[in-house]
Amino acid sequence: MQLKAENISFRYTDDGPFVLKDITLEVNSGERVGIVAPSGYGKSTLAKILSGYRLPEEGKVLLDGKPLPMTGYCPVQMVYQHPEQAVNPRHRMDKILNEAWQPDDELLRKMGIEKSWLTRWPSELSGGELQRFCIARVLGPETKFLICDEITTMLDVITQAQIWHLLMEISEERNLGMMIITHNMSLAKRVCTRIVDLTKLNNVHSHTHTHIHDHEHGDEDHVH
Amino acid sequence: MSTHTHTHTDKKRFEFNRKTFVTMMVIFAVVYLVGVGIWGLFMDPESYAVNYDAKFVSPNFDHPFGTDFMGRDMFSRCIKALSNSLIIGVLASLFSSFIALFMGVASAVFGGWVDKFVNWCVDLCQGLPHLVLLILISFMLGKGVNGVTLAVIFTHWPSLTRIVRAEVMQVRSSQYVQAAYKMGKTKWQVAATHILPHVIPSYVIGLILLFPHAIMHEASVTFLGFGLPKEMPAIGVILSESMDYLATGKWWLAVFPGLMLLVAVVLFDVIGDNLKKLWNPQSGNE
């Protein structure tokens, strides 16, 4: 399968500056494509467009030549940078984990999710523990592509390593296509099969405005 | 969360105390308010009947709150009055909160001109002094129980509407709701699993905190003579009557009914604030 962005342009307001301009890029099943660029080059915006969270102003997002489905389970799933914002604070972890499908014990073991965490509330788990849930819940059989938007930026190095090992293993095992957005060039070199430099791909000339949006969407490169 | 560092028994005792105390306050307030409401509802009118032999009796064992210029027992009359006020207040705030829930959700869900219209209505209502609008509506509808109740209903929804609207908008744009849509959930499923459970606690607390407003305003409008009729026992009626005799030293006519109104209003606040503490997920386990 192939996920393709075709001449995508995007801006947040009708008369604002373009955040993305004429982007064309494709990800094939089994590929892990790294998207690297400094803050403000529209990495997160691109992730949201490719996973169908936002519609591009021009251009198309195609999955095997067809537009992404707007209803039902989306075969392109995204994992966010801040897991604590991506889970409902009023739900227990088992409800969050099983929102779309029922991961089996084997996957939970691999993901390093302990059974005792399932009865806890999100506020009682750490960021790394929560991120494992956020990944596990979108690894359902219908998921064909996974967009990872800075998913380990705020985690400690050990957790980072564990999560990436696992994602590499799963992507190979299931022939999953992945798009990995990161600031970290050495991580990208280690994990990805191909690296795309968005600064070269994006034809936007002025970046003075775009970084504001990036701030808004929590795309920060401070590692805590 | 800080309790994790305590030993098991310590933690258990701490949680027990705090939560029990708050729960007991809420239960006490509810029992008192419901008790007064029901007591007044089923009270024999004879107990506050006119008795010219016992005019202006100061508080004693037979008449704990004294009697008024017609010799009516003020204690029974106060209970009946408070009960009337509570029932009108609860009814009015309930309907008012329905308006708020409907307007708030519609405004957040549909957006566009619906949102603009709702905001315009909210601004319009909040821009006018509350009491003036209350008097205007009550007077227009011919005063009495209907006038007051409808006036309170139509003036108390704006603040709760704003809260509901903000809550729906916040949860609607949250990442977990967006993610739920991408996981194939329908609008109804998202509304039932994510949006309603998020909005309902604030809504219920807003509703409870609306009661004292409704009751106070009902009493004020009645006090000013635009509300409940003179013959009906109501805190506003009692207080306005007591004004005529206050200068002649009949203090009990104003003090006790005033205190009862104050206590009822404070107790509603106690319920609302403590439920907030119990339901908030951040402090729910404290």
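Modeller: Below are the conventions, then confidence, the interface, the cores and a few local details.

Modeller: This is a predicted model, in which local features need pLDDT of at least 70, side-chain atom pairs count only at pLDDT 80 or more, and totals for chains, interfaces and linings use all residues. Residues are numbered from 1 along each chain as its sequence is written, while chains are lettered from A and ligands numbered from 1 in the order in which they are written.

Colleague: What is the mean pLDDT of chain A?

Modeller: Chain A has a mean pLDDT of 85, and 91% of its residues reach 70 or more; pLDDT is the predictor's confidence in each residue, from 0 to 100.

Colleague: And where in chain A does pLDDT stay under 50?

Modeller: Over residues 207-224, for which the model has 30 contacts beyond four places in sequence. Two residues are in contact if their C-beta atoms, placed from the backbone, lie within 7 Å.

Colleague: Next, the interface. How many residues of chain B are in contact with chain A?

Modeller: 13 residues of chain B, against 18 residues of chain A. On the chain B side, helix H7 (175-182) and helix H8 (187-223) each supply at least two residues, and H7(B) gives the largest share, 6 residues. Helices are DSSP runs of H or I, at least four residues, numbered from the N terminus.

Colleague: Which residues touch the most other members of the largest nonpolar core?

Modeller: Cys78(B), Leu82(B), Val164(B), Ile235(B) and Ala264(B), out of 60 residues. Such a core is a set of buried Ala, Val, Leu, Ile, Met, Phe, Trp, Tyr and Cys residues joined through C-beta atoms within 7 Å. Helix H2 (residues 74-110) of chain B brings the largest share, 14 residues.

Colleague: Is Arg165(B) buried or exposed?

Modeller: Arg165(B) is buried, because 23 other C-beta atoms lie within 10 Å; the cut-offs are 20 or more for buried, 12 or fewer for exposed, and partly exposed in between, with C-beta atoms placed from the backbone. Arg165(B) sits in helix H6 (residues 158-172) of chain B. Beyond four places in sequence, Arg165(B) is in contact with Gly104(B), Ser107(B) and Ala108(B).

Colleague: Last one, which residues of H4(B) are buried?

Modeller: Leu134(B), Ile135(B) and Ser138(B), in a helix spanning residues 130-140. They cover an arc of only 95° around the axis, so they are on the same side of H4(B); the arc is that of the directions from the helix axis to the C-beta atoms. The face turned away from that side carries the exposed Val132(B) and Met140(B).
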